[in-house]
Amino acid sequence: MITVVTCTVGDSAGRLGILLSELRRFTQLGYRHIVCDDGTLDQAMLSEQREVCDRAGVQWMSNPGPVWGISYNFNYALDQVTQPWAL
């Protein structure tokens with residue numbers, strides 16, 4: 001089994017919904033999916049991301065910082081992976 005890691009920045013819930021549904025639709029192998037937010041301050045945006053992930057059955061988390069940026073966010077999300085493979 002593999003883990004797919006998706007890092008978000010800002011208002012990404014609309015695109016995120018499309019990504020999650022299309023990935024599931026066109027992938028035959030089982031996988032775990034983690035979506036990790038990069039410290040978005042807007043609580044409404046975070047709530048929307050969580051709702052999209054809940055509907056898709058995807059784990060949502062937020063990078064707690066104190067350092068943000070896509071590389072730090074990706075590394076934080078990869079630390080949550082328990083399977084031997086991630087992408």
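This is a predicted model: local features need pLDDT of at least 70, side-chain atom pairs count only at pLDDT 80 or more; totals for chains, interfaces and linings use all residues.
Where is Ser21 found? Ser21 sits in helix H1.

Ser21 has a relative accessibility of 39%, so it counts as partly exposed, a class that runs between 20% and 50%. For a sense of distance, take Ser21 and Thr40. In sequence they are 19 residues apart, and their C-alpha atoms are 23 Å apart in space.

Now the layout of the chain. The protein chain has three helices and four strands. Read from the N terminus, the order of the elements is β-α-β-α-β-α-β.

Next, overall dimensions. The C-alpha trace spans about 35 × 25 × 15 Å along its principal axes. A compact globule with 87 residues would have a radius of gyration near 12 Å, and the protein chain has 12 Å, so the two agree. Of the 87 residues, 34% count as buried. The accessible surface comes to about 5400 Å², and carbon and sulfur atoms account for 58% of that.

Contacts along the chain come next. Take the contacts between residues at least 6 apart in sequence: 75% of them join residues at least 24 apart.

Which residues make up the largest nonpolar core? There are nine: Ala13, Leu16, Leu20, Val35, Leu46, Val52, Cys53, Val58 and Trp60. Two helices, H1 (13-25) and H2 (43-56), each supply at least two residues of this core. Another core, of seven residues, lies apart from it, and its members include Ile34, Cys36, Met61 and Val81.

Setting aside residues up to four places away in sequence, Leu20 touches His33, Val35, Val52, Cys53, Ala56 and Val58. Of those, Val35, Val52, Cys53 and Val58 are also on the list for the largest core.

What is the state of Met1, buried or exposed? Met1 has 61% relative accessibility, and over 50% means exposed, so Met1 counts as exposed. Met1 lies in the segment before strand S1 (2-8). Leaving aside neighbours within four places in sequence, Met1 is in contact with Gly30, Tyr31, Arg32, Gln83, Pro84 and Trp85. Arg24 is 23 residues from Met1 along the chain, and their C-alpha atoms are separated by 14 Å.

The other one is Met45, found in helix H2. Met45 has a relative accessible area of 24%, which makes it partly exposed. Between the C-alpha atoms of Met45 and Val81 the separation is 24 Å, and the two residues are 36 apart along the chain.

One backbone detail. Which peptide bond is cis? The bond from Gly65 to Pro66 is cis, with omega near 15 degrees. Pro66 is placed in the loop between strand S3 (59-62) and helix H3 (70-79).

Last, charges. The protein chain carries 6 positive and 9 negative charges, and the mean positions of the two sets are 8 Å apart.

To recap with the structure on screen: find helix H1 and Ser21 in it, then Leu20 and its contacts, among them Val52 and Val58, and then the cis bond from Gly65 to Pro66. That is my part.

Methods:
Residues are numbered from 1 along each chain as its sequence is written. Side-chain values use heavy atoms; hydrogens and water are left out. A nonpolar core is a set of buried Ala, Val, Leu, Ile, Met, Phe, Trp, Tyr and Cys residues joined through side-chain atoms within 4.5 Å. Buried means under 20% relative accessible area, exposed over 50%, partly exposed in between (1.4 Å probe, protein chains only). Contact means heavy atoms within 4.5 Å. The radius of gyration is taken over C-alpha atoms; the globule rule is 2.2 Å times the number of residues to the power 0.38. Accessible areas come from the Shrake-Rupley method with a 1.4 Å probe; for residues, only the protein chains shown count as cover. Lys and Arg count as positive and Asp and Glu as negative; His and the chain ends are not counted. The place of a charge is taken as NZ of Lys, CZ of Arg, CG of Asp or CD of Glu.
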